[in-house]
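Work through these exercises with the structure open beside you. Try each task before you read its solution.

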Amino acid sequence: MQVVIVLLLVASAVTALLVQATQDSEGEAERVSVAAAASFANAPGTAEALNAQDPTAVLQPSAEAARRKAGVDFIVVTDTEGVRLTYPDPKEIGKKFVGTIGPALEGRTVVERAGGPSLPAGEGTAVQAVVPVTGADGSVVGLVSAGITVENAGDMVEWQLPIILAAGAAALVLSTAGAALVSSRLRRQTHGMGPAEMTRMYEHHDAVLHAVREGVLITGAEGRVLLANDEARRLLDLPADAERRRVEDLGLDEEMARLLASDEPVTDAVCLVGDRMLAVNKRSTAPHGGQAGSAVTLRDTTELATVTGRAETARERLKLLYDAGVRMGATLDVARTARELAEVSVPKFADVVTVELSDPVLRGEEPPGAGTGLRRTVVHGREGGHGLSPVGELIRFLPTGPGAAAAVSGRAVLEADLRASDDWRAQDPEHGRRVLEQGVHSLIAVPMRAREALLGVVHFWRADASAPFEEEDRSFAEQLTARAAIAIDNARRYTREHTMAVTLQRSLLPRGVPEQNALEAAYRYLPARAGVGGDWFDVIPLSGTRVALVVGDVVGHGLHAAATMGRLRTAVYNFSALDMPPDELLGHLDELVAHIDTDEAAAEDQDGQEITGATCLYAIYDPVSGRVTAATAGHPGPAVVHPDGNVSFPRLPVSPPLGLGAALPFETAELTPPEGSKLVLYTDGLIRDRNRDLDTGLEALRAALAGPDRSPEATCTAVIEAMLPAQPSDDIALLVARTRRLGPSDFAEWDVARDPAAVAPVRAACARQLADWGLDDISFATELILSELITNAIRYGGDPITVRLTRDRSLICEVSDGSSTSPRLRRAKTTDEGGRGLFLVARYAERWGTRHTPAGKVIWTEQSLHGGAAEPGNLADVLLDQWGDEAL
């Protein structure tokens, strides 16, 4: 705009100059032309020359000389007829003068614009004057016309116009630069916004500033009010001339004036102004590019105070419900879950919480259908006394009391003022008096129900300065108790199932170590935190003073794993009774597991409960030879702790777990540890853990077992203390057995020739050995047993034949031969001459059986060392019992 104005001014000046120059040029031309014409007309000789014979010859030179001297473009002399007598261009002499001559003929001077022939000075509009030439008698004898073009008369413009244009150009440059500087400064101050944006922002600012429901006040650095919107004026009751006045002069409350005048920032400060509660926020404007000062916002919170308080209470209770849902029930313990309910509720909802549950619920059983007697399980609340009954006491509610009313109705019962509650005090007046003396004054009794069954009752108590319970607190108490009821019912059901599973499992595990002299054994079994599992162990006495050590593991947890473990342990026990070697026993066990898995997979209700894996380690220790024969089916091998404290892990042949259908034979390994060594059998729960791998677990077990000699019991304790994880994820079975060897004086062996005559000498030698052991009272029965067994071996068996007597907890007679054919007990017919020998052996021995060996078989018997044998005099009766009365 400034540039356009400068251009218009320059154009106006030039136009004015041109107009003025034109007017001045015309006036100058008139003056010069009149002067020149008059001077030549009145010059001496002009009039006489007109009357000469050739006026042109006289006047032409004079006229041209006068023209040049006067600076006009032409001086023309004409006669009274208007014929040119002189002219700058001689060719035009004699032609008619172009112009007005009438007034001049009358003696007047005429000035006019006229155009005639071309002039030496050039073409253009000329100003010419026509003056009469008078003779001596005063008559007009001719005319003189002098003229000059306007352009030739106006040379003043030629030196004025450059000055004007130069000044205009300078003004244009200066105005443009000034406009650019002003525009740049404005854009910098307005952050690049143009006029339209500035206008729109101002309109929005003005509209928002006066339309918002928050008061806005801007103060300067000196504490003067620079701006106050309508809401600020209303909230603070500001006078109309508040702006530009100091804050201290506005008549505000002292606290509010101090907040507004201070330089400190304020966040949600609540001030009372009249009957209004104002929330004040104040920030400095300097950090945001403004001048030093403060921006203050005022919000009327009078009407929102109550709503905000209720919203905050609702928010806190929602958070309390969330915390209760997260916290309660994590342990799956009934009493612990009830205590978690109390811990969550105190002190955010109540001062004291008591929880009463029925005894069956605490035991994990189904809640009773009726009854008012509940066991106080939890008392949790403020420090100091509260007068309430202690934990463990059986609480019996009167039918009219709040606890019984809540249990019967299924709804929470509110007693806002216990001092005015006759029903509550009537239950136990003395107890109620003590509770009131301790400051307890309000109660909500809430039934704890799950699946329409009453689990117990929860009492929420408030005391001292706490506000009494209100109606809306009752619904919240019901919600909180409902969540706890679900958690407690889940814990109860888990307790019941866990108790059943543990009971089942412990009934399937050994109750103790059987009496035997080959090993000194100790064990530990620890169920997993997640529930019972499928680990088991066993110590099984075998024939010939031998002992079988077994550990096994069924993959999984729960009743199915425990039941499967019981089936496998029973199978191992039965297979052991057949005196099978370890590899053969595991082969039969593998077939059994595969058969069980097949049957369960085919069942309609198996629900994926088939066996997914089972492992077993079976070892037989012979105290006579000191050898250990062991085989494993996917189970970790044993550890051997030598008498000097060194620990080794013998390598056993690797075989797959049970039931995989690999159809691979199992292999055995033999080792002979020194006497007094400890055999350590364990399940993988001992060495495997989420925080350690197998190698790390084995090294930790080695460190726990190493060291000075300890009893098996002490070894079990040390291993469990060192190896048990903080949160065991799998159950653990540990079996430690210290080996013993039978001394040479405790057994005797004889080789028997394959000859019936060799029976008598062997029998006599056995009788002498029994006499040396002080076993004369069982000598007769032993001789009878040996005679029968040796005779059968000679008759039906093969070489070599060996007889061995072993003195242990019982007398063990063993007759071995090279045949694998086993004798069979049967009842002989009356017409049979034989077949009664094994019957007599079974009659006089407590136990007997056959054990197969790689070289043949062993037939063994066990007899009590003291008594239990048939008296010799009764032998006839025993033999006669084999025939009926008709046969006799």
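A polar contact here is a pair of N or O atoms within 3.5 Å, where one must be able to donate a hydrogen and the other to accept it. Keep in mind that the model is predicted.

**Exercise 1. A serine in a loop**

Task: Find where Ser543 lies, decide whether Ser543 is buried or exposed, and list the polar contacts of its side chain with Asp579 and with Arg851.

Solution: 
- Step 1. Locate the residue. Ser543 sits in the loop that runs from strand S17 (533–541) to strand S18 (547–557).
- Step 2. Check the cover. Buried means under 20% relative accessible area. Ser543 has 1% relative accessibility, so Ser543 counts as buried.
- Step 3. Look for polar partners. The side chains of Ser543 and Asp579 are joined by a polar contact of 2.8 Å. Another polar contact, of 2.6 Å, links the side chain of Ser543 to that of Arg851.
- Step 4. Set aside the neighbours within four places in sequence: Ser543 is then in contact with Asp579, Arg851, Trp860 and Glu862.

**Exercise 2. The length and cover of a helix**

Solution: 
- Step 1. List the buried residues. In H21 they are Val759, Val762, Ala765, Cys766, Ala767, Gln769, Leu770 and Trp773.

**Exercise 3. Salt bridges**

Task: State how many salt bridges the whole structure holds, then examine the one between Arg376 and Glu356 and those of Arg433 with Glu430 and with Glu437.

Solution: 
- Step 1. Recall the idea. Side chains of opposite charge can pair when their charged atoms come close.
- Step 2. A search of the whole structure finds 44 salt bridges.
- Step 3. Take the strand pair. Arg376 and Glu356 form a salt bridge, 2.7 Å from N to O. Arg376 is in strand S11 (residues 373–381) and Glu356 in strand S10 (residues 352–357), so the pair ties together parts 20 residues apart in sequence. Arg376 is buried at 5% relative accessible area, and Glu356 is buried at 0%.
- Step 4. Take the helix pairs. Arg433 bridges to Glu430, with the closest N and O atoms 2.2 Å apart. The two are three residues apart in helix H15 (residues 429–437), so about one helical turn separates them. Arg433 also meets Glu437 in a salt bridge (2.4 Å, N to O). These residues are four apart in H15, so again about one helical turn lies between them.
- Step 5. Arg433 is partly exposed at 37%, Glu430 is partly exposed at 40%, and Glu437 counts as exposed at 55%.
- Step 6. Look for a network. Glu366, Arg451, Asp489, Arg492 and Arg496 are linked by salt bridges.

Key. Residues are numbered from 1 along each chain as its sequence is written. This is a predicted model: local features need pLDDT of at least 70, side-chain atom pairs count only at pLDDT 80 or more; totals for chains, interfaces and linings use all residues. Side-chain values use heavy atoms; hydrogens and water are left out. Buried means under 20% relative accessible area, exposed over 50%, partly exposed in between (1.4 Å probe, protein chains only). Contact means heavy atoms within 4.5 Å. A salt bridge is a side-chain nitrogen of Lys or Arg within 4 Å of a carboxyl oxygen of Asp or Glu.
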